[in-house]
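Student: Can we go through the labels on this one together? I'd like to know what stands behind each of them.

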Amino acid sequence: MAMIQRTLLVLFIAACTLSSGCATVRRELGYALISDKTEIKLGAKFAAQIEAQQRLHPDRGLQSYIQRVTKALLPPALEDRPGIRYRVKVLDDPKQINAFAVLGGYLFVYSGLLLIAEDEAEIAGVLAHEIGHIVGRHSANQLAARFGMDFLTSLALGEDPYQLGQIASQLGSARFSRDDEREADTFGVRYAIEAGYDPRGLLRFFEKLKKLEAHRRSDLEKLFASHPPTGERIRRIERLIDQYGASGGQRHRARFVRETAVLRRK
Ligand SMILES: [Zn+2]
């Protein structure tokens with residue numbers, strides 16, 4: 001693509017990030033800007049940096065459990081956006097109530113988020129939402145808008161651990177537009193339902209966050225910053241669940257408590 005066209009696209013995406021109503025336009029433009037190959041390459045590099053900067057939870061049973069929950073959510077996501085290999089890692093920090101998606105299919109969830117969840121449906125709801133950000137190419141588009149394609153391409157092809165590390169350290173608190181959040185909710189609710197989960201898990205998790213917020217503001221800031229669960233957003237998720245006609249669904253409370261017991265052991 002000619003340089004001038006690409007610059008215009010980047011500017012347009014940057015403008016879109018600030019306004020609402022153009023998630024689809026941005027996604028279409030994203031295809032023109034950042035190829036799957038570049039996105040996956042860049043994602044792998046950022047994920048390696050995050051794993052080097054932070055502590056992975058050492059329990060292999062816990063890691064593989066969260067991987068299994070993620071895998072159950074993937075069939076419709078892979079139909080919506082083929083060619084992505086999803087990987088999820090639990091980061092060991094009980095004070096961080098956060099989860100985030102790095103472009104290319106790399107998901108991270110902090111042990112602090114698992115500790116305040118009460119069943120598997122809540123975690124599946126959060127993970128399905130993060131998968132929705134990958135399917136919507138939200139972080140790829142956001143990075144393209146912020147740094148420009150030439151820089152991202154050189155980062156994907158070259159070796160610049162300093163720059164990679166700098167950007168990687170900000171990915172956990174990256175802010176998405178309201179449109180991106182809505183789109184990730186729409187994908188996420190559907191993925192949770194298709195995997196047989198109670199889709200209200202995500203709502204229960206939001207309600208819990210709201211209650212906790214009053215007491216533990218500082219710990220919650222990141223997840224609130226990146227995924228503000230506003231009243232409007234909660235009502236919209238409720239409408240989506242009604243539209244799908246989903247009633248019931250599994251919560252898998254006993255299994256969740258058993259598989260995450262290692263987090264509560266002293
Ligand atoms: Zn989000």
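Tutor: Start with aromatic pairs: rings of Phe, Tyr and Trp (its six-membered ring) pair if their centres lie within 6.5 Å; planes under 30 degrees apart count as stacked, over 60 as edge-to-face and the rest as tilted. The whole structure has 4 such pairs. Mind that this is a predicted model, where local features need pLDDT of at least 70, side-chain atom pairs count only at pLDDT 80 or more, and totals for chains, interfaces and linings use all residues. Residues are numbered from 1 along each chain as its sequence is written, and side-chain values use heavy atoms, with hydrogens and water left out.

Student: Why is the pair of phenylalanine 100 and tyrosine 110 called tilted?

Tutor: Their ring centres are 6.3 Å apart and the planes make 40 degrees, so tilted is the label. Phenylalanine 100 sits in strand E2 (residues 99–102) and tyrosine 110 in strand E3 (residues 106–110), so the pair ties together parts 10 residues apart in sequence. Strands here are DSSP runs (E, at least two residues), numbered from the N terminus.

Student: What makes phenylalanine 100 buried?

Tutor: Buried means under 20% relative accessible area, exposed over 50%, partly exposed in between (1.4 Å probe, protein chains only). Phenylalanine 100 has 4%, so buried it is. Tyrosine 110 is buried too, at 3%.

Student: And why does phenylalanine 147 count as partly exposed?

Tutor: Its relative accessibility is 27%, so phenylalanine 147 falls in the partly exposed class. Phenylalanine 151, at 25%, is partly exposed as well.

How values were computed: Helices (H or I, at least four residues) and strands (E, at least two) are DSSP runs, numbered from the N terminus.
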